[in-house]
Every structure is written in structure tokens, then in C-alpha cells.
Amino acid sequence: MAKYCGMCGKELEPGGRFCVSCGNPVEGTKRENAPDVGKGRGGNEALSMYPVSRKKREKGLNKKAAVMISAVLVILIIVAAGIRFINTKVSGYKMPVKYFCEYMNTGDTDYIEKMVPKKAQKKLSKDFFYGDWISPDVVASYDSVDEYVEESGDKFLEYAYLEPMEELRDDFMEQFGTDFQIEYEISEKEEIGEEDILGNWKSEIFFYQEYGIDVKFYRVETKLKVKGSEGRDTQKVDFRVADFEGEWTILCNY
């Protein structure tokens, strides 16, 4: 006489102690003809166990689904943040304009130092040290070329960047209040010649070019929106920006 599982109703193997289909114990699960789950010894127990097992499986599946959904959300957030970063990333000729506005808004001189073409300036200082532009007495007053390069860099930062920009920021604070903020919008860039360079940079550029440093010049048309407790204004500014072989800077009128 065929035996059937009280759990799933599958036909049992002769002499087997467990159902090969669902693993339910065979003892007390005799069935004749068509299976009738829920009758006989063990049948009620099987019925009471099955919903619990299904709930556990469903709970496990729900937990896995929640983990997968959370992981997908995290990935989407990271991707979205990356897209925003890519869209707002500033490079090339826009960098010195950004640093200029950041300095004006915060007064943090670190932004000014980021605009200095350090590699080009160091190369120029070394060439000066070993060239004919500095007298032997001046060269002899330094212990090493590195000492001269460092001192030259500090002086260059001071007179070509810090002094003119600090003076300009003071003018803005006087006009718009100490809490003023600047927003900027760059509209276009146009390559220009040396004749369009302002102030003492004209003579400064000569030395870079004399020692083989390639410098290109651009006019960057920018709209500045200035807001402060003492007033507000929108100004169009043509920044003079230079590319020192990949190092970008604003040529301040000093």
C-alpha cells in the first residue's frame, strides 16, 4: 500500500523515515489512495508547522529585499552626489575666478595662495639665481638656491597677490558692508595678447617668457552679484587670466 507525506502529499519511498520532497518525518503519515493532508498521526502537527515555516521564509525574504533596496538607495545617493560633484567641479581658467570670489567672501588667504603659479615661479627664481639678472653679491648673501627661491616666492606672493587683493576686499567691505558676499557667473573666455595685460604684470611676464616658460593670456567675462548689509550691485568684470603651462592665475593690477 502506497504511503504519502502528511506535509506535502508526495508519495513516500518504502522504509524511508523522512519525505524526500519536503523532509517531513514519515512516522504516522500513512495515507491510502489520494493524500489527505491534515489527517492521521502527525498530520495536524504538520499543518501547524507549515505556516510557521512559510512565515519564517517570507520574513527572511522580506529582510533580504529590504537590504537590497537599502543598498540600491545608497548607490543612487552616491551616484547622484558624484554627478553633482562633476557638474560643479571647477577647472582650468575658471579656477582662479572661483578662488578670487572665495577669498573675497571669506578673507581666507589660502585661496590667494592657490592662485600662485608655484612651479613656474620656482623655475624662474632658480634661473634668476644662476643667471645674470642678480649681482654676485646678492647671490653670495644666500646659503643656497632653495633659500633664495623660498624668499622670492614669499615676496612675489605678497606684492603680486596679497596686497592688491586685500586692498580690493577692503574697498568692497566699505561699499557693501563687512558681511558682503559675491556670486559669480562666467559667460565667455577669449584669448588675448600681451598688450592687454594690466599693471606691472607686463614686465613680470617678460622674465617668464625669457626663461622659456610658455604663458597664454585670456579675458574671462564674468558677472559678479554682490550683496551686503550696506547695499548690492551686479557688475560685469573682465578678469585677465593667465595659463603658466597648466597653472592658472588671475593677473591682479598691482
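How many salt bridges does the count come to in this structure? In this predicted model, the count comes to seven salt bridges, and five residues, Glu188, Glu190, Arg219, Glu221 and Asp238, are linked in a network of such pairs.

**Salt bridges between strands**

- Glu190 forms a salt bridge with Arg219, in which the closest N and O atoms are 2.7 Å apart; this pair links distant parts of the chain, since Glu190 belongs to strand β1 (residues 181–192) and Arg219 to strand β2 (residues 215–228), 29 residues apart.
- Arg219 also meets the side chain of Asp238 in a salt bridge, at 3.3 Å from N to O, and here the link runs from strand β2 to Asp238 in strand β3, with the two residues 19 apart.
- Arg219 counts as buried, because its relative accessibility is 13% and the limit for buried is under 20%, whereas Glu190 is partly exposed at 38% and Asp238 is likewise partly exposed, at 38% relative accessibility.

**A salt bridge within a helix**

- The side chains of Glu102 and Lys98 meet in a salt bridge with an N to O distance of 3.4 Å.
- Because Glu102 and Lys98 lie four residues apart in helix α2 (residues 94–106), about one helical turn separates them.
- Glu102 is partly exposed, with a relative accessible area of 23%, and Lys98 is partly exposed as well, with a value of 28%.

**The largest pocket**

- Sorted by class, the lining of the largest pocket holds twelve nonpolar, two polar and two charged residues.

**The second largest pocket**

- The second largest pocket is lined by 15 residues, and those nearest its centre are Phe128, Tyr148, Ser152, Tyr159 and Glu204.
- At least two lining residues come from each of α4 (118–130), α6 and α7 (201–210), while α6 gives the most to the lining of the second largest pocket, with six residues.
- By class, the lining of the second largest pocket is made up of eight nonpolar, four polar and three charged residues.

Definitions and conventions. Residues numbered from 1 in each chain as written. Predicted model: local features only at pLDDT ≥ 70, side-chain atom pairs only at ≥ 80, totals over all residues. Heavy atoms only, no water. Nonpolar A, V, L, I, M, F, W, Y, C, P; charged D, E, K, R; others polar. 1 Å grid on protein atoms, 1.4 Å probe; cavity = no way out; pocket = protein on both sides within 12 Å on 5 of 7 lines; lining within 4 Å. Salt bridge = Lys/Arg side-chain N within 4 Å of Asp/Glu carboxyl O. Buried < 20%, exposed > 50% of the residue type's maximum accessible area, 1.4 Å probe, protein only.
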